[in-house]
Amino acid sequence: MEATGDEALIPHDDQFVVPPNGNVNEMLNVDHEDNVQGQMEEFLGPQADYNEEEEEKKYYRRKRLGIIKNVVAASIGAMIVYSVYMGLLQMQLILHYDTTYREVKYSNLGLQDIDQKMLMGINVTPIIGLLYTPLLIRFLGTKWMMFLASGIYALFVSTNYWERYYTLVPSAVAIGVAIVPLWASLGNYITRMAQQYYECVNYKEEHVQEQKKLPKGACHSYIIVFQSVFNIIFNLSFVFAEFPMAFVLNSVYLHDNSHVLAQVKHCGAKVTGLIPGFNNTVLKKLPSSMLLIKAESVLMGFAFLSMIIFLGLCGAAYRPTEEIDLRSIGWGNIFQLPFKHLRDYRLRLLCPFFIYSGFETLFAISGFTLSYGVCALGLNKLWLLIVVYGLSASIFSSLSLSLLRLPRWVCLISGAFVHGVLVVVLMAFSPEPNRLKYEGPLLVISALWGLGTALNKTGVSTLLGMLYAEEKERLDFVYTIYHWWQAIAIFIVYLWYGLPMRAKLSILLVTLLLACCCYWVMERRLAKRVPFRLPRIPRPRHKVKGYRYLEEDNSDESDSERSEEDDREDEREEDDCDVVQNLDGEERDQEGWYQGANSPRARRRGAEGRGQDDARVNERDGEI
C-alpha cells in the first residue's frame, strides 16, 4: 500500500531509523562541554608564569609607597594650613593696629577690641581640649579629625571677607577648639604610619600576620625618620606665612623706621611689654580693598587645597575593625583615660618639656621678633627674621636622624643647651632702636633659635612615639596630653604680655632647667627598669543583634546577661588595678598582657585564682 504524500513510511521492526544529525549534535555538545571545562581548568588552575611570592612583594611595595605618600601629604597639608593661618593673622593684626585703617574703614566697629577677643578665643579655648579631644578623635577617626580641623581653619579665613564681631570672634573660638585635636591627630597619624610601614616591611613575621603587639623597639627607626620628615616640611610654614607680608604689606604701604620707631627708647632685655612707644600709624597709605580681597582669596584657595589633601591623599590610620574596637570601649572610658594616663611617671616627668615646647615657639615668633627684631630693625624686617627662623628649623630638623645611631637623649638635651645659651645671651642683650647694625647678630640668634626649636620639637615627638610605639590604642591619649600641655603654655604666654622681658626670659630658663632635670630622672628610672603604671584599656564591647553563633560556654545566654557579667568583671578588674608594665620586652597577650598590680586587692585576687586553679587540678587528678 503506498503512502500518501503526508504520511511517512513505517519501517519494519528490525530496521533502525536514525534521527537526522542526532549523533552529530550529541558529539558536538560533548566536545563543547569538554572544551569549556578545559578552559575553566586552565583559567582557575595554577599559572605557569605566576609567581605568588613576587606578587606579594609587589603588593607590599605599593603599600609602603602609599604610607610614604600619606606621611608627605599629611605634612604638606599641615604646613599649608598653618601658613595660611599665621600669614592671615599677622596681616590682619598689623592692619587693625593702624589707627588710620580703623578710622577710615571701620570707624565705629572697635577692631582692637575684636582683636583682643580673637586672641583670647584662640589662646584660652584650648585649655579645655583635654576634655573632648579623645572623644572627637575616636568618634570621627584620625584622618577625618584632621580634615575637619583644616575646615575650621578655612572657616577662619572666610570670615575675613566680612570683618565683624559675630564673624571673627566665633571663628577664632572654633580655631581654639580645633588646635589640640588637630595636633593630637597629626602626632598619632605619623606614629601610626611608622607602625604600618614596619608591618609592610616585615609582613612575613608571625606577630604581624596575627596582628599581635609589635616587639619592643621594632619600629623606632621608622618613627625617627617619619617625625623628621614631618617637621622638615611643616617648619616651612613659617616661611610661607610671610608671603602676604612680603607681597602685600611691603615697603610700599609701610612707613619707614624713622616714623614707626620715633618714640621707642629701649629694646630687648630692657623692654616691659612688647614695644613701648611704638607708633600707632604704621601705614603710609592704605591698601585697596580689592588687593586685600585678592590676597584673602588666594589664602582661601590654599586652605581648601589643604582640606583636599587631607581628604584625598591621606589614607586611614587604622583598619576599619580597629577603629570599631577603639570606639567600642565606651565613651565614659575614653573620657577618663587621658587623666588616668597621667599616672605614668614617664608622661608626668615629660610635662615640663611639653610646657617649654609651647613657651619657646610662641616666644620666638612674638617676643623675640617684636621686642628685639622689630624694635631694632623696624617693621620692614619682620618677615626676614621669621623666614630665617623657619628655614633654620626646617633644615636642622634633619639632625634628628642622628637618633638612628645616637642615644635618644642627644636631640632633646642638645636643643635645650642651645636655647639655654641663647636665653642667657638675650638677658644681657639690649639693642638700640632703629639701628641696622644689629641685623647680622639678630639673624644669627634667629637661626640658632630655629636650631633649638627643631631639636626640641622633633625630639619630643620622636621620644613619645618611641615610648609608646607598641601601644597603638594609647597614641591618641598620649599625644592629646602632650599638646594640651602645649596649649596651657601658650595660654601662659598670652597672660605674660605685660611682664618685663627679663622676667619672661627667667621663666623660660627655669622651665628649661626643670624640664632637663625631670627628663634625666625619667631616663634614670627607665635605665633602672622601674615599672611604670598604665591604665587598663577595657575590652571592646560590640553590640551584636540578630542571630547569635553558638558558643562553648553557654549558647542560651542572652546579650544582656553577657554584658552585665562583663560589666561586673570589668568593675572588679578596674577597682584600683592599673597595669604595671615591665621593661623586659616580653610579648604579652591581648587579654593577659599585664604582669602585676600595685593594689593588695589585685594581688589577693591573683592568689585566689591560682588557688582555685590548683584545687581544680587536684580534683581532676583524684578522679583519674
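Q: What does buried mean here, and which label does Cys219 get?
A: Buried means under 20% relative accessible area, exposed means over 50%, and partly exposed lies in between (1.4 Å probe, protein chains only). Cys219 has 1% relative accessibility, so Cys219 counts as buried. This is a predicted model, in which local features need pLDDT of at least 70, side-chain atom pairs count only at pLDDT 80 or more, and totals for chains, interfaces and linings use all residues. Residues are numbered from 1 along each chain as its sequence is written, and side-chain values use heavy atoms, with hydrogens and water left out.

Q: How many disulfides does the structure hold?
A: A disulfide is a covalent bond between the sulfur atoms of two cysteines. Here the criterion is a pair of cysteine sulfur atoms within 2.5 Å. The structure holds one: Cys267 and Cys375, with sulfur atoms 1.8 Å apart. Cys267 lies in the loop between helix 12 (257–260) and helix 13, and Cys375 in helix 16 (residues 345–377), so the pair ties together parts 108 residues apart in sequence. Helices (H or I, at least four residues) are DSSP runs, numbered from the N terminus. Both Cys267 and Cys375 are buried.

Q: Is helix 6 mostly covered or mostly uncovered?
A: Helix 6 is mostly covered, with 12 of its 17 residues buried. Among the buried residues are Met145, Phe147 and Ile152. What covers the buried residues includes helix 2 (52–97) and helix 7 (165–201).

How values were computed. Helix = DSSP H or I, 4+ residues; strand = E, 2+ residues; numbered from the N terminus. Contact = heavy atoms within 4.5 Å.
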